[in-house]
Structure formats: structure tokens, C-alpha cells
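I opened this model to go through its chains, contacts and charged pairs. My notes are below the display.

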Amino acid sequence: MTDQVMAQASGPSLQQRRQRAAFWFLAPMLVALFFVAAWPLLRTIWFSMTDATLSNLYDAEWIGFGNYLQVRELSSGRTVYRGTLVDPDWWNAVWNTVRFSFASVFFETIFGLIVALVMNAEFKGRSIVRAAILIPWAIPTIVSAKMWGWMLNDQFGIINDILLNLGLIDQKIAWTASPETAMTAVLIVDVWKTTPFMALLILAGLQMVPRDIYEAARIDGINPVKVFFKVTLPLIKPALMVAVIFRLLDALRIFDLVYVLTPNSSATKTMSVISRENMIDFDKFAYGAAQSTLLFAIIAVFVSLYIWIGRVDLSGGRD
Amino acid sequence: MQQHKLLKNIAFYALVIVIVVFAVFPFYYAIVTSFSTGSQLFQVNYWPKAFNWANYEAVLGGRNFPRSIMNSLFIAGCTVGFSLFLAVTASYALARVRFRGRGLLLMTILAVSMFPQIAVLAGLFELVRFLGIFNTPWAMILSYTIFTLPFTVWVLTTFMRDLPVEIEEAAIVDGASPWVIITQVFLPLLWPALVTTGLLAFIGAWNEFLFALTFTSSESQRTVPVAIAMLSGASAQEIPWGPIMAASVIVTVPLIVLVLIFQRKIVAGLTAGGVKG
């Protein structure tokens with residue numbers, strides 16, 4: 001007994017001991033994250049301000065913001081701008097990425113809502129629907145890109161065959177190769193692949209809505225469409241917003257689907273694709289690093305907005 | 001009124017059928033294609049005409065594709081084991097111990113999981129070369145930690161937060177140290193969560209493409225997604241759709257089976273994490 005009292009009086013308190021243990025528990029994870037995330041990110045930013053190439057990583061020289069924007073006065077008196085920020089290919093990639101992100105998230109949200117509403121209803125075979133929509137989610141992106149690449153094949157693809165048979169088109173479309181339809185093809189595959197994720201997140205929100213509300217509305221004879229817009233939608237808005245922002249962040253960094261489904265198409269080339277191309281394939285390592293730094297900056301703005309919005313919601317204020 | 005209800009029911013089930021067909025058809029069609037060879041590939045078949053295993057034999061009989069499967073299994077397995085090992089203790093600290101800056105730390109971890117992977121590519125490339133692990137599985141195991149670790153920490157923290165306080169208090173009264181609490185008290189309760197989180201992280205690592213494409217140079221070191229993306233025929237113009245579909249089916253069927261077995265847990269893990277799969 002006295003020993004215990006002594007130990008408590010002289011040693012650190014329970015809370016202090018727990019905090020010390022917590023530090024040691026967190027340390028390995030933080031060290032690992034530092035080496036795989038923070039350090040490479042800082043090095044990328046550093047490389048973006050050098051003239052590094054693939055074969056010359058270590059003797060690279062500091063050139064400041066030259067990869068971003070460089071203004072040079074020629075002897076003839078003309079001013080020449082160089083760098084990513086005046087590179088039309090880069091702005092094309094930015095536009096592709098933004099176009100893709102907003103369109104795909106828009107369609108995923110609409111379809112995700114429909115699927116979630118269906119799955120929230122009680123009917124026979126609900127478990128079959130859930131199992132079925134998990135399949136696109138479980139299929140690796142590269143596999144879905146190849147599967148759809150085959151289905152969208154201009155000559156032997158089943159999509160062209162179906163559309164021809166239905167009389168919706170009169171000649172076969174080169175979905176992935178033609179610049180007019182390449183982005184549509186990417187959007188179709190991405191919406192197919194990620195709608196399940198959206199639907200599951202929205203469904204989790206829907207299941208929080210108390211069933212009595214619907215019951216009450218039904219007894220009062222209120223139009224279900226009105227109930228959806230006036231009651232359900234406001235109630236699931238927080239869950240919906242989280243899902244939309246997650247998907248948006250994910251869409252902004254898309255690489256694999258575009259790279260495999262529409263290789264080398266300038267109609268779909270996104271920021272991630274063009275950065276990697278410069279970095280690895282074109283041996284403009286530092287230039288690619290500058291482009292990936294810009295993408296990081298864009299996403300960082302989105303993430304801080306998200307955290308800021310999350311704060312506002314958590315404290316229950318505003319809105 | 002009765003008729004109105006019937007119509008509504010028909011419309012509802014029609015919608016259900018559209019959803020199911022749209023979700024399942026591409027994979028069904030990949031299976032049909034994987035069993036067709038030669039000229040069968042050049043006519044559109046909605047139903048399986050033949051069961052010809054030639055594509056499967058071609059893919060599995062080759063030297064490189066089985067190698068890629070082993071590479072992917074090894075890489076995804078190591079990544080998940082490593083991440084879970086680090087995440088269990090870290091998430092205990094984040095879920096159970098009050099300390100200053102905990103909220104900020106959690107937000108940082110969440111932010112890392114949303115990192116664009118391309119932003120660390122240049123730095124990781126340098127690191128991988130410096131460590132001399134370019135074109136080895138270790139390059140992928142190292143780089144995949146950037147998305148599996150934050151994800152496992154985040155999901156396990158939400159799971160661990162829900163464990164009852166009483167259990168931990170009882171253990172503390174008995175004089176158990178935090179390490180004993182984790183290994184003896186919490187770990188047995190956490191098994192379902194560990195399986196779910198591990199499976200989701202495994203799927204993430206199994207499917208990864210950008211790092212695997214950049215950090216491998218020889219065919220024997222490729223992971224499954226890179227191998228499928230790079231499958232080519234005798235000539236550049238001729239894309240071997242049959243073998244590609246066979247390879248796709250081989251690597252997807254186990255995933256689908258696992259996902260369907262654990263579907264309830266996976267849905268819970270996905271929505272708890274709110275992180276992409």
C-alpha cells in the first residue's frame with residue numbers, strides 16, 4: 001500500500017505516462033510519413049527550381065523560378081517569356097483536368113444519389129444491388145480502362161454495335177482515338193468506376209435520416225419529390241459535401257485511367273499525365289517537377305478549403 | 001390506385017435492373033471475350049459462344065505474367081503488413097490519449113492521404129535511386145506507404161475511438177501499461193477492423209499504377225497493373241485483346257470474391273474512412 005502511494009507521489013502522473021507512451025507510439029508512423037511524404041515533396045519543390053535532368057540529379061543548378069516563368073530580353077529588344085506558366089500544353093492540361101474533374105464529379109453525384117436512394121428503399125434483392133455495384137469499385141483502374149477500351153473499340157467494340165443496332169449512330173465512332181470523343185470516353189469509364197463509392201457514402205448519410213420523417217410525410221400526403229428536396233437533401237447535405245470534395249480531390253490528380261485509355265491524346269492529357277511525361281519520358285525532370293508542384297499547390301488550396309469548411313460545420317456555427 | 005402502384009413497382013424494378021446490368025456488364029463482357037480466340041474476337045458476341053482456355057494458357061504459360069502476380073502479392077502484402085504494424089500503435093495514441101495538437105495531427109494525416117502522388121514522384125525517384133532500390137519490389141513497398149499508412153491510421157483511429165472506455169479503465173486499474181492494453185486488450189477486439197482495413201489497403205496497393213510504372217524498368221519486376229497495361233502483341237498495331245481480358249479476369253476475380261465476402265465490413269470501413277478505395 002505504501003509502495004503504491006510512494007510510486008504515485010514520486011513518479012509521473014498516469015496522464016503524463018500515457019502521453020509519453022503516445023509519443024513513442026506515434027514516432028515510428030511520423031518518421032515513416034516524413035520519409036515517404038514530406039521529404040519527397042520538399043525535394044520535388046527544390047527540383048522544380050533547378051535545371052535537373054534524369055541523368056543529372058545531383059549536380060543540378062539552382063535557377064529559381066525559371067521553370068515556372070522566365071522573362072528574357074533579347075538583343076533585338078524583344079521580350080520572350082518561357083516556362084510552364086506560358087506553356088500552352090500546360091494550360092491545355094489544366095483545362096482538361098478541370099473539365100474532367102467537374103464533369104465526372106457532377107455525373108457521379110447525380111447517379112450516386114439515384115443509386116443510393118434505390119438502395120435505401122426496402123425491396124427484394126437489395127443485397128444483389130449492393131453486391132453488383134461493388135464490382136466496378138473492386139476492379140483495378142487499369143483493368144477497367146482496358147475492359148472499356150475494348151468495349152469502346154472503333155471496329156469491334158460492343159458499344160458501337162449496340163448504338164448502331166439501336167439506330168443512335170449511323171457510323172462507328174473511334175471513341176478513344178478521336179479528339180472529339182476521347183474525353184467522353186474517359187468520363188464514361190470514370191463515372192462507371194466511381195459512382196459506387198459515391199453511392200455508398202451517400203447511402204451512409206441517407207441511413208442517418210430517421211424513417212419516421214418519411215412516414216409522417218406520407219401520412220400528410222406530401223409529394224415524394226417535394227419530400228426529397230425539402231427534407232432528405234438538406235439532411236444529407238453534410239455527407240454529400242464530404243463525398244463531393246473527396247471525389248473532387250481524387251479527380252484532380254487522375255493519372256492511370258487517362259494514361260491507359262487514351263494514350264498521348266492531347267484532348268485528355270491531365271496535369272498528372274503531362275508532369276510525368278516531362279519528368280520521365282521527355283527528360284525535362286525539373287520542368288515536370290515544377291508542373292507537379294503547381295498541381296500540389298492547387299490541391300493544397302482545395303484541402304485547406306475543405307478543412308476550413310469542416311471546421312465551420314463542426315462548430316455548428318454559420319451555414 | 002392499385003394499377004398506379006403496380007406501374008410504380010415496375011418502374012422501380014426496371015431502374016434496379018438498369019443499375020445492376022450497367023454495373024456488371026463490362027466485367028461479364030470481359031469474361032466472354034477472354035474465352036474467345038482468333039476471328040471470334042472480331043465479331044460482337046453478346047453471349048459466350050465457346051469456352052476456349054487458350055488465352056488463359058497464353059497468359060499464365062508465359063514467363064512474365066505469373067512473375068507479375070507474385071510481385072504484386074509480395075508488394076501489396078508487405079505494404080499492408082508494414083502499414084498495419086505502424087498504424088495500430090499510432091491509432092491507439094490518436095484515439096485514446098489526450099494530448100495537445102491531436103486534432104492538427106489527424107488533419108495532417110488526412111491531408112497526406114489526399115496528396116497528389118505526382119507531387120512526390122520526383123522526390124521519391126531521387127530517394128529510390130539513392131537507396132539503390134530502383135527496379136526492385138522495395139521501391140513500391142516504400143512508395144505505397146504514402147497512401148496506405150494515412151488510410152490505415154485514419155480508419156483504425158475511428159474504429160478504436162468506438163471501443164468502450166470501461167475496458168481500458170479496468171485494464172489501467174489492473175496496472176496494465178499502454179503497450180499491454182494495445183496488445184492484450186484491444187488487439188483481440190480489433191481483428192475485424194484490422195481485416196477490413198488491411199483488405200482495403202491491399203486493394204489500393206494491388207491496383208496502384210503510377211509508382212509501379214515509374215519505378216520499374218524490366219519486365220520481370222512489373223506489377224500486375226503495369227503488366228496488363230503493357231501487354232502487347234506481335235506487332236504494335238495488333239492489340240492482343242483476348243490475353244488482355246484473360247489477364248484482367250485472373251487478377252480481378254479474387255478481388256471481387258474477397259469484396260463480396262467482406263462486403264458489409266468493407267462498406268463500414270469505406271464510410272468510416274471516407275477515403276477513396
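**Entry 1: a predicted model**

I note at the start that this is a predicted model. My local entries keep to residues with pLDDT of at least 70.

**Entry 2: chain B against chain A**

I looked up the interface between the two chains. Chain B gives 94 residues to the contact, and chain A gives 85 residues. Together they bury about 8200 Å². Carbon and sulfur atoms account for 79% of that area. On the chain B side, B:M114, B:I118 and B:E126 lose the most area to chain A. Those three together make up 9% of what that side buries.

Next I checked polar links. I found 18 residue pairs in polar contact across the interface of chain B and chain A, both residues at pLDDT 80 or more. Which helix supplies the largest share of the side of chain B that touches chain A? Helix α1 of chain B, residues 2-34, does, with 15 residues. The salt bridge count between chain B and chain A is two.

The closest N and O atoms of B:E126 and A:R43 are 2.6 Å apart. Why does this pair join two chains? B:E126 sits in helix α5 of chain B (residues 118-131) and A:R43 in helix α2 of chain A, so the bridge runs from one chain to the other.

The cut-off for buried is under 20%.

**Entry 3: A:W39**

I stayed in helix α2 of chain A, which spans residues 14-47 and holds A:W39. Leaving aside residues up to four places away in sequence, A:W39 touches A:F34 and B:L127. A:W39 counts as partly exposed because its relative accessibility is 33%. I also took a distance from A:W39 to A:I188. The two are 149 residues apart in sequence and 37 Å apart in space, C-alpha to C-alpha.

The structure holds eleven salt bridges over all chains. Side chains of opposite charge can pair when their charged atoms come close.

I looked up A:R247 and A:E108, which form a salt bridge with closest N and O atoms 2.8 Å apart. This pair links distant parts of the chain, 139 residues apart. A:R247 is in helix α9 (residues 224-252) of chain A, and A:E108 is in helix α3 (residues 88-120) of chain A. Both A:R247 and A:E108 are buried.

I then looked at A:E215 and A:R218, whose side chains meet in a salt bridge at 3.1 Å, N to O. Both lie in helix α8 of chain A (residues 211-219), three residues apart, about one turn of the helix. A:E215 is partly exposed at 40% relative accessibility. A:R218 is exposed at 59%. Elsewhere, salt bridges that share partners join A:E108, A:D190, A:R247, A:D250 and A:R253 into one network.

**Entry 4: domains**

I checked how each chain is divided. Chain A has domain 1 (2-47) and domain 2 (90-282). Their centres, taken over C-alpha atoms, are 41 Å apart. Chain B has domain 1 (2-42) and domain 2 (62-273). The centres there are separated by 32 Å.

In chain B, six residues of domain 1 are in contact with seven residues of domain 2. The area buried between these domains is about 520 Å², with 89% from carbon and sulfur atoms. In domain 1 of chain B, B:F27, B:A30 and B:S34 lose the most area to domain 2, together 67% of what that side buries.

**Entry 5: hairpin and positive phi**

I looked up the pairing of β1 (residues 70-73) and β2 (residues 79-82) in chain A. The two strands pair in the antiparallel sense over four bridges. A:E73 stands opposite A:T79 in β2(A). Five residues lie between the strands of this hairpin, and A:G77 takes a positive phi near 95°.

Two non-glycine residues also came up. Phi of A:N264 is near 60°. A:N264 lies in the loop between α10 (256-261) and α11 (271-281) of chain A, and is exposed at 68% relative accessible area. Phi of A:D283 is near 55°. A:D283 lies in the loop between α11 and α12 (285-315) of chain A, and is partly exposed at 32%.

Technical notes. Residues are numbered from 1 along each chain as its sequence is written. Chains are lettered from A and ligands numbered from 1 in the order in which they are written. Side-chain values use heavy atoms; hydrogens and water are left out. Buried means under 20% relative accessible area, exposed over 50%, partly exposed in between (1.4 Å probe, protein chains only). Two strands pair if DSSP finds at least two bridges between them. Contact means heavy atoms within 4.5 Å. Domain bounds come from an automatic or database domain assignment. Buried area is the accessible area (1.4 Å probe) that two parts lose on being put together, summed over both. A salt bridge is a side-chain nitrogen of Lys or Arg within 4 Å of a carboxyl oxygen of Asp or Glu. A polar contact is a pair of N or O atoms within 3.5 Å; within protein, one must be able to donate a hydrogen and the other to accept it, and residues adjacent in sequence count only if both atoms are side-chain atoms.
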